[in-house]
Amino acid sequence: MNLGEHRGLFEIPEDVAYLNCAYMSPQLRSVRRVGEEAVRRKSRPWEITPGDFFEDSEGARGLFARLVRGDAEGVAIIPSASYGLAIAAANVRVAEGEAIVVLEEQFPSNVYPWRDLAKRTGAKLVTVPRPADHDWTTAVLERIDGRCAVVAVPNCHWTDGSLLDLVRVGKAAREAGAALVVDATQSLGAHPLYVPEVRPDFLVSAAYKWMLGPYSLGFMYVGEGYREGFPLEQTWLGREGSEDFASLVEYRDAYAPGARRYDVGERSNFVLLPMAMEAMRQILEWGVEGVAEGLSYLTGLVEEGAIGRGMRAIPAERRVGHMIGLGLDPGAPKDLAARLADEGVFVSVRGRSLRVSPHLYNTQGDVTKLFDALARHLP
Ligand SMILES: Cc1ncc(COP(=O)(O)O)c(C=O)c1O
């Protein structure tokens, strides 16, 4: 893949070096077009048929299933990562004294439901400290044993891209009889994560970052062992036979098959679903491996540049290819991100890291701009 070759698919001005996809992805032109058409549709509701309440939902399920190489029956449509993680917390089995494992400084959407569950059940929240060598996999594996009920982790740490090998973590969790809950919001679409290899019990992702989709939409893959669980809502669309609008008051106890029972109410969002589908089609056309390879090259350049300036960086073998955290000294200006933004360079400061997260619209020139700006503000 040629760097910058895909910039024209987005609407990014030449003088903007947007290296902040981990914050929010820019929108593909094609996704905006689809969204605008979708907004127009509601002006003519007589053209929206009962079948339309199902068609895009099923289409989106199928596309998400292709992204994670799972079965579409296991996919639920959710409005946020938090929503999916609340479903996971409502369904895993945890007893008093058992452990729920999370990472230090993990994103709060995947911490608060577990703090709450631990409080209600008397389970222990075990926070794995950040390892000095960035090897989260070993650190997490050391905490998985027979007293562990849930391992609730990401594929990479959201502050700096440091990697967890979910295949190994998943295997250890299964052997210990623990549920594996993955928040893939900071990786899905840019880093290969495949259900047949990882075998998660719950895998959630918000769509607005690496899935290049709209805000307020996400997807959840549910493992076969959890498809008969408790949904957060009792949405009528999640019931068996809801296709027949004339008979909706013949109330049913049975849910629609697979993971559909977990769908959010009004899941057939006529604007957001078509947009997310268009974005998933584009990612599938590139191929997640192709995206990962292009972005690895860019973060490799960032790593090199950082080392050249004497900054600490998460090394390639310990991180995903699409994101890199550069260590900030305590003396770094508090408003560093704002200062860089004033110069047209967009990155984030998360914890003690300057987080650089490119996508296929970025070029080597954007990396040069980043280091030119850093030279001015981090002398
Ligand atoms: C790892 C991770 N998970 C989830 C989210 C978003 O969570 P939610 O969809 O609950 O707002 C973010 C946002 O930055 C994130 O970094």
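Lys-334 sits in the loop that runs between β9 and α10, the latter covering 336-342. The model shown here is a predicted one. Lys-334 counts as exposed because it has 8 C-beta neighbours inside 10 Å, and a residue is called exposed when that number is 12 or fewer. Between Lys-334 and Val-291 there are 32 Å in space, C-alpha to C-alpha, and the two are 43 residues apart in sequence.

The next step is the division into domains. The domain assignment gives two parts: domain 1, made of 7-19 + 288-377, and domain 2, made of 32-285. Taken over C-alpha atoms, the centres of domain 1 and domain 2 are separated by 28 Å. Where the two domains touch, domain 1 brings 18 residues to the contact and domain 2 brings 17 residues. On the side of domain 1 that touches domain 2, at least two residues each come from α9 (288-308), β9 (324-327) and β12 (353-356). The element that gives the most to this side is α9, with five residues.

The ligand is the last stop. Around the ligand stand Ser-80, Ala-81, Ser-82, Phe-107, Ser-109, Pro-154, Trp-158, Asp-183, Thr-185, Gln-186, Ala-206 and Gly-218. How do the residues of this shell divide into nonpolar, polar and charged? Five of the shell residues are nonpolar, six are polar and one is charged.

Technical notes
Residues numbered from 1 in each chain as written. Predicted model: local features only at pLDDT ≥ 70, side-chain atom pairs only at ≥ 80, totals over all residues. Near = placed C-beta within 6 Å. Nonpolar A, V, L, I, M, F, W, Y, C, P; charged D, E, K, R; others polar. Domains from an automatic or database assignment. Contact = placed C-beta atoms within 7 Å. Helix = DSSP H or I, 4+ residues; strand = E, 2+ residues; numbered from the N terminus. Buried ≥ 20, exposed ≤ 12 C-beta atoms within 10 Å, placed from the backbone.
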